[in-house]
Amino acid sequence: MTQHLVGTTEKKTVGTSGAKAPLTLLGLGAMGTALARAWLAEGHPLTVWNRTLARAAALVGEGARAADDAAAAVAANRLVVVCLLDDASVATVLDGVDLAGKDLVDLTTGTPAEARARARWAQERGARYLDGGIMAVPPMIGVPGAGGYILHSGSRELFEEHRETLSVPAGATWVGTDPGFAALYDMALLGAMYGMFAGAAHAFALIRKEDVDPVAFAPLLADWLVAMAPSVHRTAANLRSGDYTEGVVSNLAMQVAGTPAFLRAAEEQGVSAELLRPYFDLMRRRLAGGGGDEDLTGVVDLLVR
């Protein structure tokens, strides 16, 4: 049975023997470099590799060992962390590399299907596999209290074995035995983030041509978004229960009646409504289907094919 989200761990630095576990890191972009520096700062012996070798030079000065190629880097340690551009890059970099007996943790951004296929690919090559999704930007890595965390899915046994090491860059959160769940959670959370960014972009566009200081407006916007964020708990509860009318404060019929004003305001301000119209269209479709007494939860079902 697949298990679901568990709590984020606190950062741990010392194993039972007091020695820090060695590991290999493939990929030294902005995120990979941040990960490397976090492990080095905690005293973990680290072997690194990057297609552009010059990127490893600074890390070597901080204590890392640079491998000449990916195969040598993988051979150096049992725990191998991958943080590359995309899943295709993982396939290219590890093509022909001996993975037998390795524990492969893939932090490359990808889809759930890619993660599941990569897990099978790794197992066929004799490696154990964890997929990962990094919920942080590079400046948050290795900074206690910054709010970043890394999702992991796959073998719970493998996760627990390396929990201390994986928790160093950011809190490590295991979300299930299905290897695709880390990517699924990652895409869901980032999708919500981009929706928020889209709403913020529309808000700033509305005031752009007016005598309104965007810096003065920003705290109002941020506070409003924070105030609305808890609505996700009601949506989740309604999806679980199947009752979309429970706890409704502003029903769908009333909200749809108000949407023309948003479109008129955008037109008056010379602002495209292209970020709002798709969502408003879904609201009207749900209303036409008889959901007037509901909240906005029913829009979720319209999105699922």
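User: What stands opposite Leu 104 of β5?
Analyst: Val 80 does. This is a predicted model, and in it β4 (residues 79-82) pairs with β5 in the parallel sense, over four bridges.

User: Are the faces of β5 buried or exposed?
Analyst: Both faces are covered. Asp 103 and Val 105 point to one side, Leu 104 and Asp 106 to the other, and all four are buried.

User: Switching to rings. How many aromatic pairs are in the whole structure?
Analyst: A search finds four. One of them is Tyr 194 with Phe 197: the centres are 6.0 Å apart and the planes meet at 85°, so this pair counts as edge-to-face.

User: Where do Tyr 194 and Phe 197 lie?
Analyst: Both are in helix α8 (residues 181-207), three residues apart, which is about one turn of the helix. Tyr 194 counts as exposed because its relative accessibility is 54%. Phe 197, at 42%, counts as partly exposed.

User: What about Phe 204 and Phe 217, what geometry do they have?
Analyst: Edge-to-face, with 5.8 Å centre to centre and 75° between the planes. Phe 204 sits in α8 and Phe 217 in α9 (residues 214-228), so the pair ties together parts 13 residues apart in sequence. Phe 204 is partly exposed, at 30% relative accessible area.

User: Which charged residue lies over Trp 121?
Analyst: Arg 118 lies over the face of that ring, 4.6 Å from the ring centre.

User: Last topic, Gly 61. Which element holds Gly 61?
Analyst: Helix α2, residues 57-61.

User: Why does Gly 61 count as exposed?
Analyst: Because its relative accessibility is 67%, and the cut-off for exposed is over 50%.

User: How far apart are Gly 61 and Asp 281?
Analyst: In space, 56 Å from C-alpha to C-alpha; in sequence, 220 residues.

How values were computed:
Residues numbered from 1 in each chain as written. Predicted model: local features only at pLDDT ≥ 70, side-chain atom pairs only at ≥ 80, totals over all residues. Heavy atoms only, no water. Buried < 20%, exposed > 50% of the residue type's maximum accessible area, 1.4 Å probe, protein only. Helix = DSSP H or I, 4+ residues; strand = E, 2+ residues; numbered from the N terminus. Pairing = 2+ DSSP bridges. Phe/Tyr/Trp six-rings, centres within 6.5 Å; stacked < 30°, edge-to-face > 60°. Lys NZ or Arg CZ within 6 Å of the ring centre and 35° of its normal.
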